[in-house]
Amino acid sequence: MRFLFKTDYRQDLSLARHSGHVFWYGLLLVCLLIAPGWASSYWIAQLGFVLIYAIAGLGLMVLSGYTGLLSIGHAAFLGVGAYAQAWLTSHGVPFVPALLAAGALSALAGVVVGLPALRVKGIYLAIATLAFGLIVEEVLARWDSVTGGNAGLPVAAPQLFGYVLEGPVAFYYLALAVCLLATLAVLNLLRSATGRAFIAIRDSEISAQSMGIHLARYKTLSFALSAALVGIAGALYAHKLRYISPEQFGIAQSIDLLLLVVVGGLGSVHGAFLGAIFLIVMPQTIVLAKDFLPPAIAQASGLQALVYGTVLMAFVLFEPLGLYGRWCKIRTYLELFPFYRQGMFRRQKAFQRSERLK
Amino acid sequence: MTDTLLSVRDLSVRFGGVLALNGVSFDVRRGEVFTLIGPNGAGKTTVFNLISRIYPPTSGEILWQGEVLTQLPPHAIAAQGIARTFQNIELFEHATVLQNLLIGHHTHRAAGFWADLLFTPAARRSELAARHKAEEMIELLDLQAHRDALVAGLPYGVRKVVELARALCSGPRLLLLDEPSSGLNVEETEDMAWWIRDIQSELGITVLMVEHDMSLVSRVSDRVLAMNQGQVLAQGTPAGVQAHPGVIEAYLGTVDDVASLRRAA
């Protein structure tokens with residue numbers, strides 16, 4: 001077990017709390033940087049998807065995990081970002097400005113959803129975002145002149161400073177860079193007053209308000225930031241697939257994103273990454289598992305949806321803190337061995353919680 | 001009157017058919033501990049919620065240093081220098097004690113969203129300033145042992161103190177304490193009494209509190225206001241209010257009631 005000896009408040013402000021963090025995250029980064037050297041291009045392509053979903057996961061994590069606002073329409077922002085990027089790059093806008101514009105446009109859409117969302121909460125907010133998701137999907141399908149309608153839209157490979165980034169490896173490095181920047185931005189917010197305001201709103205709106213937090217401003221900000229991140233992920237997604245169509249940004253995609261943050265662990269940045277890995281690895285595992293299953297089950301059409309649903313329910317019931325929560329428990333168990341207690345991570349009972357004023 | 005910090009004038013609030021407050025008036029002077037007492041449902045917490053603008057008054061007004069408070073939005077109250085605690089602790093459960101205290105410092109943040117996003121030197125300075133303030137309060141209220149603990153895992157008594165510390169982190173001039181001793185054991189109540197005195201004398205903060213524990217009330221209060229069913233019964237020194245016939249009647253019933261009970265027995 002590690003004992004931290006703190007001598008300066010600045011120690012608590014740095015991203016890496018101790019030398020262990022520097023070592024392990026440094027090692028992870030080095031592994032990711034040299035991955036194209038030893039992994040096959042198939043796995044590099046998959047890793048690219050993981051990075052894209054991790055950015056989108058970070059976006060939804062800011063909103064649902066940290067601000068406590070539920071959304072089942074986040075694929076809409078992915079769509080807005082993807083179509084904005086496709087349209088802009090096809091009109092000759094360079095990659096970086098197009099990416100920023102896609103993020104900004106998506107953030108604007110986030111504000112549009114966020115404003116009415118100030119009046120509704122919980123399940124009602126979820127329904128409102130669901131409706132927004134359906135509207136956007138429909139707009140993408142009908143607005144032929146811009147989106148190409150149901151026929152879809154081809155997207156060129158990203159061009160950066162005159163170089164065309166063809167192939168999975170070049171794209172992988174691009175996604176890695178964007179993902180790193182997005183993660184840094186989110187971590188920065190979370191260690192400063194803005195991130196704490198989000199957490200305050202999540203845990204108790206009434207007392208957040210009396211601490212001087214402007215609820216409407218911070219909720220809208222959270223929506224905008226979340227939408228911007230998901231929009232940027234969408235822009236990369238468009239380049240990755242090279243072809244986009246409205247049905248990629250429907251309710252199924254929204255549910256996937258929700259699955260990502262819940263399985264990864266609500267309220268943790270690690271959770272966004274673990275969830276993204278889960279989301280990409282799971283379908284492959286199902287495909288592999290089909291070889292070992294009796295044909296009647298293996299060829300059933302709804303197998304993947306069934307597995308996803310079961311996994312989501314299992315996590316909500318047995319591990320509400322998600323994969324990251326599970327990892328924290330394992331780590332604590334090993335650190336404290338043999339003194340780990342069963343109830344250490346048990347959530348507070350509902351009857352001990354105070355009644356809310358509103 | 002220059003020494004009046006908060007002035008409540010003819011405050012009434014109606015929820016549907018219930019008149020929760022009916023023409024309540026009182027002044028809180030700078031530097032005193034002013035206590036509201038009264039049976040359950042007297043409207044004490046309603047007064048607090050009106051001051052923190054959680055709901056608007058039906059009529060009447062609240063003057064803060066001579067200015068009308070009832071025009072301000074609820075989130076602007078903290079910046080005016082009014083901090084509060086809640087009767088049923090409203091802490092940020094899934095954050096650490098330190099984070100809770102830092103959120104208390106929110107109104108003094110010196111960096112905006114973009115500075116936070118890039119964690120510029122300005123954001124870093126703002127964070128350090130918040131941390132210094134939080135550590136002062138941790139020192140004052142002996143919370144060192146719980147600094148990095150999640151609130152969700154803390155015992156009730158400690159949470160009460162954390163909530164007090166969080167309110168103090170905003171650097172208030174007026175502190176609203178809603179039942180600071182409820183749910184505390186005898187020793188914790190003892191500590192709370194000392195701290196309220198310290199807050200008043202060392203930090204120079206005016207305290208307006210709602211409290212049921214009469215021994216605590218008489219130890220720390222300079223003046224007491226007794227309420228019943230939304231109306232003011234009596235106002236004055238703790239001993240004077242306790243001896244007031246109307247107050248005794250509100251708590252214990254009239255002499256006739258007692259006599260009738262006696263006959264029945």
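Helices are DSSP runs of H or I with at least four residues, strands are DSSP runs of E with at least two, and both are numbered from the N terminus. With that settled, let's start.

This is a predicted model: local features need pLDDT of at least 70, side-chain atom pairs count only at pLDDT 80 or more, and totals for chains, interfaces and linings use all residues. Residues are numbered from 1 along each chain as its sequence is written, and chains are lettered from A and ligands numbered from 1 in the order in which they are written.

Chain B first, at a loop. Arg53(B) sits in the loop between α1 and β4 (59-64) of chain B. Its phi is near 60 degrees, a positive value in a residue other than glycine. As background, most residues other than glycine have a negative phi. Is Arg53(B) buried or exposed? Here is the rule. A residue is buried if 20 or more other C-beta atoms lie within 10 Å of its own, exposed if 12 or fewer, and partly exposed in between, with C-beta atoms placed from the backbone. Arg53(B) has 21 other C-beta atoms within 10 Å, so Arg53(B) is buried.

Arg53(B), with its positive phi, follows α1(B).

Asp10(B) also has a positive phi, about 50 degrees, although it is not a glycine. Asp10(B) belongs to strand β1 (residues 4-15) of chain B. Because 13 other C-beta atoms lie within 10 Å, Asp10(B) is partly exposed.

Next, helix α5 of chain B, residues 156-169. It has 14 residues and reaches 20 Å from its first C-alpha to its last. That is close to the 20 Å expected at 1.5 Å a residue. The expected span is 1.5 Å times one less than the number of residues. How many residues of α5(B) are buried? The count is 11 of 14, so this helix is mostly covered. The buried ones include Arg159(B), Val162(B), Leu164(B) and Cys169(B). What do they pack against? In chain B, the partners are β6 (82-84), α2 (97-104), α4 (121-140), β7 (174-178) and α6 (186-201). After α5(B) comes Gly171(B), with a positive phi near 60 degrees.

Helix α6 of chain B also holds Trp194(B). Trp194(B) is exposed, because 11 other C-beta atoms lie within 10 Å. Trp194(B) and Phe113(B) are 81 residues apart along the chain, and their C-alpha atoms are separated by 39 Å.

Now chain A, and two helix pairs. Helix α4 (residues 75-90) and helix α11 (residues 215-241) of chain A pack at about 50 degrees, with their axes 6 Å apart. Axes are lines fitted to C-alpha atoms, for helices over the stretch in contact, and angles run from 0 to 180 degrees between N-to-C directions. That angle makes α4(A) oblique to α11(A). The classes are these: under 35 degrees is roughly parallel, over 145 roughly antiparallel, 65 to 115 roughly perpendicular, and the rest oblique. The crossing of α4(A) with α11(A) is right-handed. Right-handed is when the near helix is turned clockwise from the far one by less than a right angle, left-handed when anticlockwise. The residues that meet include Phe77(A) and Ala84(A) in α4(A) and Val230(A) and Tyr237(A) in α11(A). The contact of α4(A) with α11(A) has 13 nonpolar, six polar and no charged residues. Ala, Val, Leu, Ile, Met, Phe, Trp, Tyr, Cys and Pro count as nonpolar, Asp, Glu, Lys and Arg as charged, and the others, Gly among them, as polar.

The second pair is α3(A), residues 41-66, and α13(A), residues 269-290. Their axes come within 7 Å and cross at roughly 135 degrees. That makes α3(A) oblique to α13(A). This crossing is right-handed. By class, the contact has 13 nonpolar, five polar and no charged residues.

Val269(A) is in helix α13 of chain A. It counts as buried because it has 21 C-beta neighbours inside 10 Å. Leaving out residues up to four places away in sequence, Val269(A) touches Leu58(A), Met61(A), Thr183(A), Val186(A) and Leu187(A). Touching, or contact, is C-beta atoms, placed from the backbone, within 7 Å.

Last, where the chains meet. The contact takes 37 residues from chain B and 29 residues from chain A. On the side of chain B that touches chain A, α2, α3 (113-118) and α4 of chain B give two or more residues. The largest share, six residues, comes from α4(B). This side of chain B divides into 19 nonpolar, 10 polar and eight charged residues.

Methods
Contact = placed C-beta atoms within 7 Å.
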